[in-house]
Amino acid sequence: MLRFIIRRLLLLIPILIGVSIVSFLMVHLIPGDPARILAGQNATPEDVLAIRERFGLDKPLTIQYFMFMKALISGNVKSLRTEKNVMEEILPRFLNTLQLSLVSIIISATMGIFFGIIAGVKRNTWVDNLVMGFSLFGVSMPVFWLGILLMLIFAVKLGWLPAGGKGTWKHIILPAITLGMATSAIIARMTRANILQVFHQDYIRTAYAFGISERKIIYKYVLKNALIPIVTVVGLQFGYLLGGAVLTESVFGWPGVGRLIADSIFTRDYTLIQVGVMFIAVIFVLINLLVDFTYAILDPRIRYGQG
Amino acid sequence: MRKRTWSLVILLVSLSFLLIFAGEAPKYGGKVIYTMGTDAKTLLPPHINDSPSGEVARHIFEGLVEYDEKLNIKPLLAEKWEMSNDGLTYTFYLRKGVKFHDGTDFNAQAVKKTFDFIINGKLRRTNIYKKRIKEVEIVDDYTVRFHLKAPFSDFLNYMASTNADILSPKAIEKYGDDYGEFGKYPVGTGPFVFVEWKPGEKIVLKANENYWGGRPYLDEIEFRVTPEDVTRALQIQSGDAHVTTRVPPVMYNALKKDPRVVIERVPETRVIFLGINTIKKPLDDIRVRRALNYAIDKEKICKVVLQGMAFPLKSPISELLPGHYPVGAYPYDPKKAKELLKEAGFDENHKLKLELATPKGRYLMDYQTALAIQGMLKEVGVEIDVRPMEWGEYINYLFAGRENAKYDIYLLGWSDTLASNVIDRLFSSTNVPPLGENIGFYSNPKVDELIEKISRAIDPKKKDEYLAEVQKIIMADAPWIFLHNVQELILYRKGLKGLIWHSSEFLDLRKAWWDK
């Protein structure tokens, strides 16, 4: 197992080099002169030239790439927009996104698994239909629309919760629910499907034949096996939330990394985009590793790093 | 008895006045949360080139002079100033007893150190001052003299800009080599002191207890970042924030009915226009350009598309700017437009086809305005292909240079505090892409000559005359389709008083207070 983990961690190096090249090429393919955008519309021609020279934007692409990698290795990559170290911008925002995503995944996993179990156990009844209808609604609702609606009701009309921003524990509730709605719907559907699949297994039929109670069958035999694939889904969804929370972060004014990278694309802040993308890639790889690790714990049949 | 009665009447009247106006007297205390769409980039004044950074910085820093809300220059850290007869020297007499937030004294040495830092540096605004200032001389502790390279009629305006705010000499010593670091630790002389900056989230300032102009009424201001304009409006309604700008016009009627908030239309100097590529056939024909101006109903666009949030341009310059001359808009006259097009060789059998490039979401209803114009030009037989683009791509498209200028007409906006700057930057024949902003490649030697005269005109009357003449020429030449001057909506909680909106897009909270 340890060898497996070390091997996966070592794989990060070629992955990061690949991501750095791809993200570097992609940002330079986006139309738009970053020097002009950074200089602002009221800049003089001299201002634009000065910015281009200062940030090496007038140099050949290969030189620019090596300048970037040199700064990256020394931990001194500066944002073109603010001229601060990019990690000063990325890290606190990432922690905010992590906080939002964690709360969101806890809410959505709890709700999704709970309703998925009910739907699976009460399969083909009105309860099942209601839950699945709700999950379809959850997947279909645009994040933007749901976020504004929740703020209108709970902040403006009722005054129970704040309308966006970050501060107390109350500030995280509405964005976490908004962000997690689609995820909870997906988890509910997957849980239901897995439960139905496990119910049809021979060992479950045998358990019934032995006269074991339905409650025990569900909690001891069905759930444990049905939830193993759900762990993968939850892990992947968590990774998706980390990188894809940009809409929720924008609607609620949550200072997260998704919004930071999206804004950087509009302002052509090349260095921040590149480091941001690499950072998210590292996190995603680590999350995948964690998921695989959890998988092995849950299912004793799975052992990594063995022949 | 009579005397006593009169005394009583006078006393009662005085008391009544006191009671009436007691409610209006500013009160100390409280915090204001100003929710903004974008975070500041930097709080280092000579490095600022965006509105959010400028808005925050103006509460912390001060310059020798400043603009009032009508864009007139007024004293600030300088109590008065003198200009030499040849316009090459400006002497400023500085205010005494002012300290920076770090305890350093404000004096002539601090002014010289600031401008040496600007001129010798590589800040974003270095060039505009380096181009004009030859030397800064300390006459005595509270008198400083600026020697210019040539007479420059806008020198005081440049000194009123936030880019010329005075920096603490101690801060320059400590952070001068790293603009990124310097921008995080602002130390000025202003009414508010910097407390903290959480990037992407908020900037917090607190009252300067020792401010030379008297302690501000508010204890604290928080500039909070909320990108979505609908969310900002909801925050004001719910009380989670107290003031915002850039409110979606569609929410105007609903917000007007909400007793918790106040919504106001305020002026802005931003002008919106369709630039014309004057070197591309047939747009090099003045008849075609004038025809396009006659074919568009600007009143209707302002009323219907922009929902009353704009008014038609009478000149290339906003009427809010000193130096504006109301030449008069091209009236809506589709018949005249068709006549001019026919003269230029276009009719039902030979239609004029043009591309209209536009950003989407950069300006108020920009894309919708382009679509409306497409419809209006169709009425006079001009076929328009509207091409919307993301802002970065759009800028790239427009600044491709003379050989690669593929555009026909393009929608753009310009916001400025200086009439002469608008004329110089947008109409000077030497200021063309890829670096300059005369994107339509307009060229008129008379305009170039007037631009030079305006720059050197130290007599305000002569300057206004030149400005009036140049505006008339430009309107007649029609290098643009002159559209409108936009307004802004500001929204704030009832009870918040004393806020001042400057048409240069600066919401001034320095004298704001809570009436409760």
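Mentor: Two strands are said to pair if DSSP finds at least two bridges between them. Please keep in mind that this is a predicted model.

Trainee: With that criterion, which strands of chain B form the open sheet, and in what order?
Mentor: The order is S4-S5-S7-S6 in chain B, four strands with antiparallel pairing. Its edge strands are S4 (78-83) and S6 (133-140) of chain B, since each of these pairs on one side only. Neighbouring strands of the sheet are turned against each other by 20° on average, direction ignored.

Trainee: What makes S5 and S7 of chain B a pair?
Mentor: Five bridges join S5(B), residues 89-94, to S7(B), residues 143-148. The criterion asks for at least two bridges, so the two strands pair. They run antiparallel, and within this pairing B:Thr91 has B:Arg145 of S7(B) as its bridge partner.

Trainee: Which helix lies across S5, S6 and S7 of chain B?
Mentor: That is helix H3 of chain B, residues 108-119, which runs at about 165° to S6(B).

Trainee: How do you know that the span of helix H13 of chain B agrees with its number of residues?
Mentor: Helix H13(B) has 14 residues, 366-379, and at 1.5 Å a residue it should span 20 Å. The C-alpha atoms at its ends are 21 Å apart, which agrees.

Trainee: Which residues of H13(B) are buried, and why are they said to lie on the same side?
Mentor: The buried residues are B:Thr369, B:Ala370, B:Ile373, B:Met376 and B:Leu377. They cover an arc of only 125° around the axis, which puts them on the same side of H13(B). In general, an α-helix has 3.6 residues a turn, so residues three or four places apart point the same way. Among the elements that cover the buried residues of H13(B) are helix H11 (298-305) and strand S14 (352-359) of chain B. Just after H13(B), B:Gly381 takes a positive phi of about 90°.

Trainee: Why is A:Arg268 called buried, whereas B:Glu505 is called partly exposed?
Mentor: A residue counts as buried if 20 or more other C-beta atoms lie within 10 Å of its own, and as exposed if 12 or fewer do. A:Arg268 has 26 C-beta neighbours inside 10 Å and therefore counts as buried. B:Glu505 has 19 other C-beta atoms within 10 Å, so it is partly exposed.

Trainee: What is to be noted about phi in A:Arg268 and in B:Glu505?
Mentor: Most residues other than glycine have a negative phi, and most peptide bonds are trans. A:Arg268 has a positive phi of about 55° although it is not a glycine; A:Arg268 sits in the loop between H13 and helix H14 (270-298) of chain A. In B:Glu505 phi is near 70°, again positive in a residue other than glycine, and B:Glu505 belongs to the loop between strands S19 (500-502) and S20 (506-508) of chain B.

Trainee: Where do cis peptide bonds join B:Lys281 and B:Pro433 to other residues?
Mentor: One joins B:Lys281 and B:Pro282, with omega of about -5°. The other joins B:Pro433 and B:Pro434, with omega of about 20°. B:Pro282 lies in the loop between strand S12 (261-276) and helix H10 (286-294) of chain B.

Conventions. Residues are numbered from 1 along each chain as its sequence is written. Chains are lettered from A and ligands numbered from 1 in the order in which they are written. This is a predicted model: local features need pLDDT of at least 70, side-chain atom pairs count only at pLDDT 80 or more; totals for chains, interfaces and linings use all residues. The expected span of a helix is 1.5 Å times one less than its number of residues. The arc is that of the directions from the helix axis to the C-beta atoms. Two residues are in contact if their C-beta atoms, placed from the backbone, lie within 7 Å. Axes are lines fitted to C-alpha atoms, for helices over the stretch in contact, and angles run from 0 to 180 degrees between N-to-C directions.
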